Amino acid sequence: MNWYEKLNQYFPIEEMKSKEHMELLLDEKSDIYHKDEGKHHVLMYVELSDFVFIDYLFVSKDARGQGLGHKLIDKLKAKGKPIILEVEPVNYGDSDTEKRLRFYTREGFEHASSIGYRRRSLATNEVNEMEILYWSPTKESEETIYENMKKTYNEIHTYKDSELYGKSYQPASEVLTLDTEPAAPKPEMVKNESSDTPRESASE
């Protein structure tokens, strides 16, 4: 099974980029879009001068509980830049969503509680909401995380979208919002219990 098949089997259709899209990014944006692949993992990420964005992180069931997800995150943390990712909100009917939040909580990620992210899938035509999580060694503000998310959305998520999919995604101004008013905190990310179950994506 190749790297794309692994991702495609694990991520829902609304979160997946097409293979052509990802191969185009790896080819035409090879300076910033990267693939880290091993027998038991696939990591697709963007690295710019001031932050890293995790596009997809998959760890096979055979390797879970062995700390592989932690090692992959540590490799990115070693770059000394904020790390941003998108993750599905907790669905208590899907235990994997809780496990993923436990994993990222243990890794020191926080909710960007002031950032909203809702985008209509070109594959299903349904609006999907995602949470923005981030880890920052420099205590970046959520306003900075928001600006970095817009940059990722414009440079990666919607790259040549009309050419690839026959239609365009919504503009970043409709998809990403920043609430500058103090808001009630989101439910605390569940801690406890060890789980090496990372999975997140660019909500495609």
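These notebook entries record what I looked up in the structure above.

**Entry 1: the model and its confidence**

I noted at the start that this is a predicted model, in which local features need pLDDT of at least 70, side-chain atom pairs count only at pLDDT 80 or more, and totals for chains, interfaces and linings use all residues. Residues are numbered from 1 along each chain as its sequence is written, and side-chain values use heavy atoms, with hydrogens and water left out.

I looked up the pLDDT, which is the predictor's confidence in each residue, from 0 to 100. The protein chain has a mean pLDDT of 88, and 86% of its residues reach 70 or more. Residues 190-195 have a pLDDT below 50, and in the model this stretch has 13 contacts beyond near neighbours in sequence. A contact here means heavy atoms within 4.5 Å. Over residues 200-204 the pLDDT also stays under 50, and the model has 42 contacts for them beyond four places in sequence.

**Entry 2: the chain as a whole**

I recorded seven helices and nine strands in the protein chain. Helices (H or I, at least four residues) and strands (E, at least two) are DSSP runs, numbered from the N terminus.

How much of the chain is buried? Of its 204 residues, 51% count as buried. Buried means under 20% relative accessible area, exposed means over 50%, and partly exposed lies in between (1.4 Å probe, protein chains only).

The accessible surface of the protein chain is about 9700 Å², and carbon and sulfur atoms account for 44% of this surface. These areas come from the Shrake-Rupley method with a 1.4 Å probe; for residues, only the protein chains shown count as cover. I also noted that, among contacts between residues at least 6 apart in sequence, 70% join residues at least 24 apart.

**Entry 3: the sheet**

I followed the open sheet, in which six strands stand in the order β1-β2-β3-β4-β8-β5 with mixed pairing. Two strands pair if DSSP finds at least two bridges between them. In general, strands of a sheet pair through backbone hydrogen bonds, either parallel or antiparallel.

Which strands stand at the edges? They are β1 (33-38) and β5 (110-111); each has a single partner strand, so one side of each is left without a neighbour in the sheet. I found that β5 and strand β8 (residues 131-135) run antiparallel and are joined by two bridges. H111 has L133 in β8 as its bridge partner.

Helix α2 packs on this sheet and touches β1, β2 and β3 (52-59), with its direction at about 110 degrees to that of β1. Helix α3 lies across β1, β2, β3, β4 and β8 and runs at about 165 degrees to β3. For such angles, axes are lines fitted to C-alpha atoms, for helices over the stretch in contact, and the values run from 0 to 180 degrees between N-to-C directions.

**Entry 4: salt bridges**

I looked up the salt bridges and found that the structure holds 11. Each is a side-chain nitrogen of Lys or Arg within 4 Å of a carboxyl oxygen of Asp or Glu.

One of them joins E23 and K19, whose closest N and O atoms are 3.9 Å apart. Both residues lie in helix α2 (residues 19-28), four residues apart, about one turn of the helix. E23 is partly exposed at 39% relative accessible area, and K19 is partly exposed at 32%.

E28 and K160 meet through their side chains in another salt bridge, at 2.8 Å from N to O. E28 is partly exposed, with a relative accessible area of 37%.

K79 and E47 form a salt bridge with their closest N and O atoms 3.1 Å apart. K79 lies in the loop between α3 (68-77) and β4 (83-87), and E47 lies in strand β2 (residues 41-47), 32 residues apart. K79 is partly exposed at 31%.

**Entry 5: positive phi**

Most residues other than glycine have a negative phi. K139 has a phi near 55 degrees, a positive value in a residue other than glycine. K139 is found in the loop between β8 and α5 and counts as exposed, at 70% relative accessibility.

What is the phi of K160? It is near 50 degrees, again a positive value in a residue other than glycine. K160 is partly exposed, with a relative accessible area of 32%.
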